[in-house]
Amino acid sequence: MAQLASDHGVNRDSPSRLCLVADGGTDQRILERIVQTCSRASGVARASLKVEHLRGVTLRDDIDRYWAATKKADSPSILKARDAFVKGTISLLESTSSKFKDLIGRPLSCRDRVILATDAERRLAHVDRYFDEWAWVVPRLLEQSVEKWYHRKVAYGYPRANLPVILPVVFFPSIDVLVAAARAARGDAFDPRGLDAPQLKRQLYGTDELRSVSPEAFERVALEHLTDEGIESIWKMVPEVRLFLLRLMAS
Amino acid sequence: MFQRITLKNYRTHTSSMIALGPVTLLVGNNNSGKTNFLRGIQHFSKLIRYARPRLPDRDQKDDVLAEGPSREEDGLKEWALFPHKHRLAKWDEPTRLDCVWKHELGSAEYRLELLPVAGADVGCRERIVLNSAQAFAQVQEQWGWPKLERDLNLQRKLAESTNLDGRLKELSDLFFDDAGRAFCFHLEPSYLRCEGPDLRDEADRASARDHAGLGEHGDGLQALLRRLRKTDEMTFNRILAALRSFDPSFQNIRYDSRKSKVVWQFALQEGVPGRLDEFDSDEVSDGLLKAAAVAYLTCVPSPPPLIMLEEIENGINPANIQEFMTWLWRSAGTDQACDKGYHTQFLLTSHSPTVLRQFAEHLGDVYTVHLDRKGFRSDVLNLRDSLDVFAKVGSLDEAEYDEDTDGERVLKRVPPYRLAELWFNGTIG
């Protein structure tokens with residue numbers, strides 16, 4: 001990778017960039033803290049990683065449309081919904097890479113990463129239900145979208161040194177499941193499964209409107225739990241992020 | 001905090017009620033009555049602040065009042081006296097404000113009515129019911145019944161009452177203080193760039209000084225930033241932090257005494273430490289100026305209890321609307337908000353589906369305003385109630401329901417994309 005990067009004019013001394021695509025500002029802050037904790041655990045110096053928050057780009061509409069379309073239980077409409085979801089995600093990846101490039105003011109490289117995260121807004125009655133097809137297929141559709149996007153970029157002649165690493169992840173019902181799991185590491189245990197997204201928020205923050213929570217309270221209630229122990233607890237309790245965490249630490 | 005506000009016979013509102021949340025949104029076509037509702041609240045708030053049923057106002061034609069004979073015979077005279085009254089209302093129908101207000105110490109239900117009195121003037125009457133949460137005491141007081149009065153003196157009457165429980169007196173003071181401090185802003189870039197307020201007359205000067213100098217259209221922004229930098233560093237730094245989150249290249253604001261201007265500093269080149277490029281306010285984007293004004297309103301330590309913002313989306317990229325709304329929500333309350341009431345409340349008007357999308361999980365805090373041309377009357381409907389009807393007839397499959405504390409099914413959420421679709425096909429707005 002070092003050879004490839006230098007071949008294409010990538011400055012390895014400059015910090016690598018990580019771009020966060022999520023459903024909102026608080027989601028981005030949670031992800032940023034997880035990235036920082038995981039990077040520190042992998043021995044990456046804080047100064048060598050810069051995190052960018054991409055505003056106004058989100059998978060929210062695509063996933064809401066997907067759920068609405070899959071309500072109709074017949075196979076053709078489900079296949080059509082999956083196809084539409086993949087197409088929507090590919091468009092979003094194209095616009096994300098373009099905005100990410102503008103944001104950092106240089107061509108993207110294989111040292112840059114994009115986290116493509118969204119809330120499913122669907123609850124799992126039990127942790128094992130993640131492996132039911134209706135839930136498990138959504139992250140797989142995101143993976144398919146990423147691979148198709150790479151396929152298109154290769155067809156346009158992009159070398160692999162000039163494409164970012166994309167890390168997709170979907171949370172059930174929302175990213176707050178990570179906070180709940182991390183808090184369990186400090187003995188604040190409750191089972192986040194079986195709760196829908198607003199119920200989970202109320203349980204964690206005392207309100208289902210996170211925008212009304214002050215930054216200080218959010219730090220206290222959520223971010224400060226995302227330590228090494230917290231991530232270990234997430235690893236144990238949240239199967240939908242295991243692959244994501246491993247990729248994050250490896251890349 | 002205000003729980004409910006009703007206007008009767010004010011401009012196009014013959015009888016319109018809204019329940020206020022931390023952030024409440026009015027959407028509707030042009031000329032449907034959204035602004036009228038905001039202006040009505042502001043008008044009554046000013047009357048309460050100045051304890052008078054009529055204000056010296058450019059809209060009120062005092063010269064007409066001074067001339068003609070009896071107002072009943074002269075329509076022009078009537079509307080000179082009551083320029084804000086619904087034009088099809090009868091002469092003896094009052095223009096009225098009703099509000100329900102809540103505080104951790106108790107609650108208040110207040111009514112203010114304006115009616116004509118002999119001598120070509122405006123009379124008023126007030127009524128209040130105060131409920132103390134701690135003392136379990138209630139009092140009902142009124143002023144101007146049966147005979148109309150020429151001043152709003154209920155507040156003074158309560159303050160001077162020797163029979164009233166101390167806690168109810170405190171509650172009354174808190175209510176009237178809140179009721180007299182509702183401010184409406186229609187921030188406009190050309191005003192936001194003003195180095196000093198360009199005020200034409202006394203009435204303008206008075207209204208422009210609302211809310212610690214920002215001014216209704218934002219003409220006090222530059223002067224305010226200049227002053228805040230010297231006098232209130234904490235608020236100034238909070239505004240800077242908000243602006244840096246809005247535009248990462250923005251760095252600071254300083255006053256250039258040589259130019260007698262506020263100068264905006266940006267770090268245009270990453271990796272060149274210490275280099276800042278400076279721009280006059282004329283050269284700064286409309287969006288950033290508006291962000292500065294909204295940041296001020298949401299960062300100020302003692303905000304007014306009710307801030308009304310017209311067309312918040314003007315000049316703002318849709319991608320940044322979410323950031324604006326986060327500022328408003330954060331300013332409105334904290335995690336303890338549900339118990340103690342909100343720090344401040346916002347009432348917005350908008351023509352933007354992007355703003356509407358921010359309310360996908362707060363449909364009860366959105367009202368649609370339509371103008372009924374037949375009666376020239378604004379109809380104000382709660383969006384959750386309207387969408388509930390669509391969901392029940394099966395035309396809104398995406399609606400998600402929740403159970404409230406009584407076990408009733410309540411429309412909880414409509415996906416944001418669907419709200420935008422309903423906007424674009426004309427169902428909403």
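Mentor: Accessible areas here come from the Shrake-Rupley method with a 1.4 Å probe. Please bear in mind that this is a predicted model.

Trainee: What share of the accessible surface of chain B belongs to carbon and sulfur atoms?

Mentor: The accessible surface of chain B comes to about 19100 Å². The part that belongs to carbon and sulfur atoms is 46%.

Trainee: What percentage of the residues of chain B count as buried?

Mentor: A residue counts as buried when its relative accessible area is under 20%. Chain B has 429 residues, and the buried share is 55%.

Trainee: Which strands are the edge strands of the open sheet of six strands in chain B?

Mentor: In chain B the strand order is β2-β1-β4-β5-β6-β7, with antiparallel pairing. An edge strand pairs on one side only, and in chain B this holds for β2 (16–19) and β7 (138–143).

Trainee: Which residue of β2(B) is the bridge partner of Leu7(B)?

Mentor: Strand β1 (residues 2–8) of chain B runs antiparallel to β2(B), and four bridges join them. For Leu7(B), the bridge partner in β2(B) is Ser16(B).

Trainee: What angle does the direction of helix α5 of chain B make with that of β6(B)?

Mentor: Helix α5 (residues 166–179) of chain B packs on the sheet, where it touches β1, β4, β5, β6 (121–132) and β7 of chain B. Its direction and that of β6(B) make an angle of about 130°.

Terms used. Residues are numbered from 1 along each chain as its sequence is written. Chains are lettered from A and ligands numbered from 1 in the order in which they are written. This is a predicted model: local features need pLDDT of at least 70, side-chain atom pairs count only at pLDDT 80 or more; totals for chains, interfaces and linings use all residues. Side-chain values use heavy atoms; hydrogens and water are left out. Two strands pair if DSSP finds at least two bridges between them. Helices (H or I, at least four residues) and strands (E, at least two) are DSSP runs, numbered from the N terminus. Contact means heavy atoms within 4.5 Å. Axes are lines fitted to C-alpha atoms, for helices over the stretch in contact, and angles run from 0 to 180 degrees between N-to-C directions. Buried means under 20% relative accessible area, exposed over 50%, partly exposed in between (1.4 Å probe, protein chains only).
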